[in-house]
Amino acid sequence: MEFVNFNCKPENGVMKNILQLHQTIFNDSETLLNRLENKKNLLITLALENEKVVGYKIGYELDHDKFYSWLGGVDASHRKHGIASSLMKLQHEFLKQNSYKVVQTKTKNKWKNMLILNLKHGFDVIGTYTDEKGEPKIILEKKL
(Lines give C-alpha, C1' and ligand atoms only; values in the text may rest on other atoms or scores of the structure.)
Protein backbone atom coordinates (compact mmCIF):
# COMPACT_ATOMS: atom_id res chain seq x y z
CA MET A 1 0.00 0.00 0.00
CA GLU A 2 1.34 3.40 -0.99
CA PHE A 3 0.10 6.74 0.39
CA VAL A 4 0.68 9.94 -1.58
CA ASN A 5 -0.32 13.61 -1.53
CA PHE A 6 -1.24 15.71 -4.56
CA ASN A 7 -1.41 19.52 -4.34
CA CYS A 8 -3.55 19.68 -7.47
CA LYS A 9 -5.85 17.45 -9.46
CA PRO A 10 -3.86 14.32 -10.37
CA GLU A 11 -3.40 13.19 -13.97
CA ASN A 12 -6.44 11.79 -15.77
CA GLY A 13 -5.92 8.08 -14.99
CA VAL A 14 -5.62 8.66 -11.26
CA MET A 15 -8.48 11.18 -11.30
CA LYS A 16 -10.66 8.63 -13.11
CA ASN A 17 -9.93 6.11 -10.31
CA ILE A 18 -10.89 8.69 -7.67
CA LEU A 19 -14.15 9.46 -9.50
CA GLN A 20 -15.00 5.75 -9.79
CA LEU A 21 -14.44 5.20 -6.08
CA HIS A 22 -16.38 8.36 -5.20
CA GLN A 23 -19.26 7.13 -7.38
CA THR A 24 -19.24 3.74 -5.64
CA ILE A 25 -19.28 5.28 -2.16
CA PHE A 26 -21.46 8.36 -2.61
CA ASN A 27 -23.33 7.56 -5.85
CA ASP A 28 -22.35 10.99 -7.19
CA SER A 29 -19.24 11.65 -9.21
CA GLU A 30 -20.77 13.86 -11.91
CA THR A 31 -20.32 17.11 -10.01
CA LEU A 32 -17.05 16.32 -8.22
CA LEU A 33 -14.69 17.63 -10.91
CA ASN A 34 -16.53 20.95 -11.08
CA ARG A 35 -16.64 21.17 -7.31
CA LEU A 36 -12.84 20.75 -7.17
CA GLU A 37 -12.33 23.84 -9.30
CA ASN A 38 -11.44 27.04 -7.45
CA LYS A 39 -10.64 25.27 -4.18
CA LYS A 40 -7.74 27.16 -2.65
CA ASN A 41 -4.67 25.02 -1.88
CA LEU A 42 -6.36 21.75 -2.79
CA LEU A 43 -4.86 18.64 -1.19
CA ILE A 44 -5.72 15.12 -2.35
CA THR A 45 -4.33 12.28 -0.25
CA LEU A 46 -4.53 8.81 -1.79
CA ALA A 47 -4.10 5.20 -0.77
CA LEU A 48 -2.89 3.21 -3.77
CA GLU A 49 -2.65 -0.54 -4.16
CA ASN A 50 -0.97 -1.67 -7.36
CA GLU A 51 -1.56 1.85 -8.74
CA LYS A 52 -5.32 1.59 -8.08
CA VAL A 53 -6.98 4.14 -5.78
CA VAL A 54 -8.46 2.27 -2.81
CA GLY A 55 -8.90 5.30 -0.56
CA TYR A 56 -8.84 9.07 -0.76
CA LYS A 57 -9.16 12.24 1.31
CA ILE A 58 -9.76 15.63 -0.32
CA GLY A 59 -9.52 19.00 1.38
CA TYR A 60 -8.73 22.65 0.83
CA GLU A 61 -7.73 25.82 2.64
CA LEU A 62 -10.43 27.90 4.33
CA ASP A 63 -7.93 30.57 5.40
CA HIS A 64 -4.20 30.70 6.14
CA ASP A 65 -4.71 28.94 9.52
CA LYS A 66 -7.66 26.63 8.80
CA PHE A 67 -8.00 23.70 6.43
CA TYR A 68 -11.25 21.94 5.54
CA SER A 69 -11.11 18.15 5.22
CA TRP A 70 -13.96 17.79 2.77
CA LEU A 71 -14.47 14.37 1.18
CA GLY A 72 -13.05 10.92 1.58
CA GLY A 73 -13.69 7.24 1.48
CA VAL A 74 -12.22 3.78 1.28
CA ASP A 75 -13.20 0.98 -1.10
CA ALA A 76 -15.55 -1.44 0.70
CA SER A 77 -13.18 -4.38 0.15
CA HIS A 78 -10.34 -2.48 1.87
CA ARG A 79 -12.17 -1.20 4.97
CA LYS A 80 -11.24 -2.16 8.53
CA HIS A 81 -7.52 -2.15 7.69
CA GLY A 82 -6.61 1.32 8.98
CA ILE A 83 -6.53 3.00 5.57
CA ALA A 84 -8.82 5.88 6.58
CA SER A 85 -6.68 6.48 9.69
CA SER A 86 -3.50 6.44 7.61
CA LEU A 87 -4.98 8.90 5.12
CA MET A 88 -6.02 11.21 7.97
CA LYS A 89 -2.58 11.02 9.62
CA LEU A 90 -0.80 11.82 6.36
CA GLN A 91 -3.14 14.74 5.68
CA HIS A 92 -2.62 16.15 9.18
CA GLU A 93 1.17 15.78 8.95
CA PHE A 94 1.10 17.76 5.71
CA LEU A 95 -1.10 20.44 7.29
CA LYS A 96 1.23 20.84 10.27
CA GLN A 97 4.25 21.11 7.96
CA ASN A 98 2.43 23.84 6.05
CA SER A 99 1.59 25.92 9.14
CA TYR A 100 -2.13 25.22 9.44
CA LYS A 101 -3.38 25.50 13.01
CA VAL A 102 -6.83 23.89 12.68
CA VAL A 103 -8.49 21.25 10.53
CA GLN A 104 -12.27 21.23 10.24
CA THR A 105 -14.65 18.64 8.85
CA LYS A 106 -18.36 17.96 8.74
CA THR A 107 -20.21 14.67 8.79
CA LYS A 108 -23.65 13.25 9.24
CA ASN A 109 -24.86 11.09 12.10
CA LYS A 110 -25.70 8.34 9.58
CA TRP A 111 -21.98 8.00 8.82
CA LYS A 112 -21.12 6.76 12.31
CA ASN A 113 -17.78 5.19 11.30
CA MET A 114 -16.55 8.57 10.03
CA LEU A 115 -17.78 10.33 13.18
CA ILE A 116 -16.03 7.78 15.40
CA LEU A 117 -12.82 7.97 13.33
CA ASN A 118 -12.73 11.75 13.69
CA LEU A 119 -13.32 11.57 17.45
CA LYS A 120 -10.60 8.92 17.85
CA HIS A 121 -8.16 11.21 16.03
CA GLY A 122 -8.68 14.19 18.31
CA PHE A 123 -11.54 16.11 16.70
CA ASP A 124 -14.05 17.90 18.91
CA VAL A 125 -17.69 18.51 18.02
CA ILE A 126 -18.05 22.31 17.80
CA GLY A 127 -21.57 22.58 16.41
CA THR A 128 -24.42 21.24 14.32
CA TYR A 129 -26.73 22.60 11.66
CA THR A 130 -29.34 21.41 9.18
CA ASP A 131 -28.20 21.43 5.54
CA GLU A 132 -30.19 22.50 2.48
CA LYS A 133 -31.59 18.95 2.15
CA GLY A 134 -32.93 19.06 5.70
CA GLU A 135 -30.31 16.67 7.06
CA PRO A 136 -28.50 17.39 10.33
CA LYS A 137 -24.71 17.83 10.03
CA ILE A 138 -22.05 17.73 12.70
CA ILE A 139 -19.14 20.20 12.59
CA LEU A 140 -15.85 18.96 14.03
CA GLU A 141 -12.49 20.66 14.51
CA LYS A 142 -9.05 19.56 15.60
CA LYS A 143 -6.24 21.82 16.69
CA LEU A 144 -3.02 20.84 14.98
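Reader: Hi! Which residues of H3 are buried?
Author: Hello! This is a predicted model, and in H3 the buried residues are Ile-83, Ser-85, Leu-87, Met-88, Gln-91, His-92, Phe-94 and Leu-95.

Reader: What comes just after H3?
Author: Ser-99 does, with a positive phi of about 70 degrees.

Reader: Let's zoom out. How many helices and strands are there?
Author: The protein chain has 4 helices and 7 strands. Going along the sequence, their pattern is β-α-α-β-β-β-α-β-α-β-β.

Reader: What share of the residues is buried?
Author: Buried residues are 44% of the 144 in the protein chain. As for contacts with a separation of 6 or more, 60% are between residues 24 or more positions apart.

Reader: Now the inside. Which residues have the most contacts within the largest nonpolar core?
Author: That core has 19 residues, and the ones with the most contacts inside it are Ile-18, Leu-36, Leu-46, Val-53, Tyr-56, Ile-58 and Trp-70. At least two core residues come from each of helix H1 (12-26), helix H2 (32-36), strand E2 (43-49), strand E3 (52-61) and strand E4 (66-74). H1 gives the largest share, 5 residues.

Reader: What does Val-53 touch, leaving aside its neighbours within four places in sequence?
Author: Val-53 is in contact with Val-14, Asn-17, Ile-18, Leu-21, Leu-46, Ala-47 and Leu-48.

Reader: Which residues does the second core include?
Author: The second, separate core has 12 residues, including Met-88, Phe-94, Leu-115 and Phe-123. Met-88 and Phe-94 bring us back to H3, where both are buried.

Reader: Last topic: how do E6 and E7 run, parallel or antiparallel?
Author: Strand E6 (residues 124-130) and strand E7 (residues 136-143) run antiparallel, joined by 6 bridges. Gly-127 stands opposite Ile-139 in E7.

Reader: And what lies between these two?
Author: E6 and E7 form a hairpin with 5 residues between them. In the turn, Gly-134 has a positive phi of about 85 degrees.

Methods: Residues numbered from 1 in each chain as written. Predicted model: local features only at pLDDT ≥ 70, side-chain atom pairs only at ≥ 80, totals over all residues. Heavy atoms only, no water. Pairing = 2+ DSSP bridges. Buried < 20%, exposed > 50% of the residue type's maximum accessible area, 1.4 Å probe, protein only. Contact = heavy atoms within 4.5 Å. Core = buried A, V, L, I, M, F, W, Y, C linked by side-chain atoms within 4.5 Å.
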